[in-house]
Amino acid sequence: MAFPEMKQAWPHAPKRVSTDDFLAVGGETAEAIRAYDWSATSLGPIEAWSVSLKTTMRMVLSSKQPMCFWWGPDLLKFYNDAYIPILGLRKAKALGRPFREVWADVWDDVLPFVRSALSGQATWMEDLPLVMTRNGYEEQTYWTFSYSPLYGDNGAIEGLLNIVTETTKAVAGREALQASYKEVQEHLARQEAHDRELRLLNAELAHRMKNTLGMVQSIVSQSIRSAESLEDAASVVLARIHALSKAQDLLTGISIAAAELSIIAENAIDPHRMDADRFRFSGPNLLISARQALGLSLALHELATNATKYGALSVPEGCVSIQWHLEDDHQFSLRWIETGGPLVRAPTRRGFGSKLTERAVADLFHGTAEIVFDPTGVVFSLQGRLDQSTDL
């Protein structure tokens with residue numbers, strides 16, 4: 001039966017080549033096959049080879065695709081020129097040698113595929129990982145290949161054909177691309193977290209600025225209202241704003257959102273600490289929020305100022321103890337205790353400083369605050385809770 005399509009694609013009659021010429025198109029490998037002593041193998045001399053073996057040989061040698069096959073009871077190896085780079089240093093001892101010997105390092109890995117092909121079942125694998133020593137050292141390689149049964153003249157399976165492509169570089173490229181993609185995703189995540197933090201910081205700065213301006217306004221108006229003279233008002237306002245400024249500097253230097261309580265306390269009383277032994281601090285390491293830190297700093301400044309003028313710090317033997325505690329449920333307490341000072345008398349008029357120390361700080365800590373003018377020394381007590389987002 002004639003097929004017009006075949007005539008159009010193949011206008012000339014196909015060239016007939018004798019099986020004796022099966023090595024004519026083989027290049028370097030064909031020359032190696034001619035020079036090999038096949039009589040010492042299970043296949044015998046070339047002249048005795050079957051038509052099927054020669055036909056398979058011609059097909060493999062003429063292909064530009066890397067191909068190899070194994071034939072005979074010992075599964076002796078044949079390959080084409082395109083396959084030579086795959087052999088590496090094994091090139092000198094691969095032709096005509098048994099499969100198991102040539103690829104001893106991966107024999108156990110490919111044996112299931114060999115058995116499948118020799119039983120008549122073709123196999124196909126993509127990017128199979130194999131650790132090889134083809135170049136004198138172990139290397140991780142990847143392969144896409146098929147194993148297919150090869151049939152002899154009598155129809156029995158005589159060997160198997162391997163059409164192969166090494167995909168080591170392709171796999172490495174994909175892995176590098178995936179790693180780069182993961183790195184980019186992680187960078188984007190970090191950038192998003194950074195941007196989110198910046199937004200929070202900007203919001204916190206705006207909130208703090210608003211609170212600070214409100215506090216400054218209150219300090220100025222209340223100080224002037226309760227002062228006996230303009231000079232006295234100016235001195236008090238400057239001292240209070242300076243204390244507020246130092247607290248702000250401390251917060252900016254440590255954290256935009258919180259500061260360590262002991263540092264806040266030491267910073268607030270620092271202008272009044274002529275002798276380090278006159279102040280005693282006791283309490284755990286605690287972070288307090290920015291707004292609580294500013295309020296507490298001003299309160300301690302007021303207490304220290306009054307102690308220097310009228311209380312324990314006005315005499316050489318006077319001392320101040322500052323103690324704080326925190327319970328598991330965020331309940332916070334702080335006490336300022338003056339001892340060794342002159343006899344204390346309750347003031348006839350409560351100024352802005354006392355109101356700031358008691359009312360404002362109590363509100364900031366969601367609790368209560370009280371100044372007790374005990375004859376043996378002033379005691380300030382604060383009960384409340386810390387903002388939970390600032391726990392250590």
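Helices (H or I, at least four residues) and strands (E, at least two) here are DSSP runs, numbered from the N terminus. With that in hand, hello everyone, and let's walk through the model together.

It is a predicted model, so local features need pLDDT of at least 70, side-chain atom pairs count only at pLDDT 80 or more, and totals for chains, interfaces and linings use all residues. Residues are numbered from 1 along each chain as its sequence is written, and side-chain values use heavy atoms, with hydrogens and water left out.

Let's start with the charged pairs. A salt bridge, for us, is a side-chain nitrogen of Lys or Arg within 4 Å of a carboxyl oxygen of Asp or Glu. How many salt bridges does this rule give? The count comes to seven.

One of them joins Glu28 to Lys91, with the closest N and O atoms 2.5 Å apart. This pair links distant parts of the chain: Glu28 sits in helix α2 (residues 27-35), while Lys91 is in the loop between α4 (84-87) and α5 (99-102), 63 residues apart. Glu28 has 44% relative accessibility, so it counts as partly exposed. Lys91, at 36%, is partly exposed too.

Arg34 is partly exposed at 41%, and Glu31 is partly exposed at 47%.

Another pair to look up is Arg97 with Glu101, at 2.9 Å between the closest N and O atoms. Arg97 has a relative accessible area of 32%, which makes it partly exposed, and Glu101 is partly exposed at 42%. Elsewhere, salt bridges that share partners join Arg134, Glu139 and Glu166 into one network.

Next, please find the open sheet. Its five strands run in the order β7-β9-β10-β12-β11, and the pairing is mixed; two strands pair if DSSP finds at least two bridges between them. β7 (279-282) and β11 (368-374) stand at the edges with a single partner strand each, so one side of each has no neighbour in the sheet. Within the sheet, β9 (residues 319-326) and β10 (residues 331-339) pair in the antiparallel sense over eight bridges, and Val320 stands opposite Glu338 in β10.

Which strands does helix α9 lie across? The answer is β7, β9 and β10. Seven of the nine residues of α9 (residues 261-269) are buried, so this helix is largely enclosed by the rest of the structure. Among those buried residues are Leu261, Ile264 and Ile269.

Methods:
Buried means under 20% relative accessible area, exposed over 50%, partly exposed in between (1.4 Å probe, protein chains only). Contact means heavy atoms within 4.5 Å. Axes are lines fitted to C-alpha atoms, for helices over the stretch in contact, and angles run from 0 to 180 degrees between N-to-C directions.
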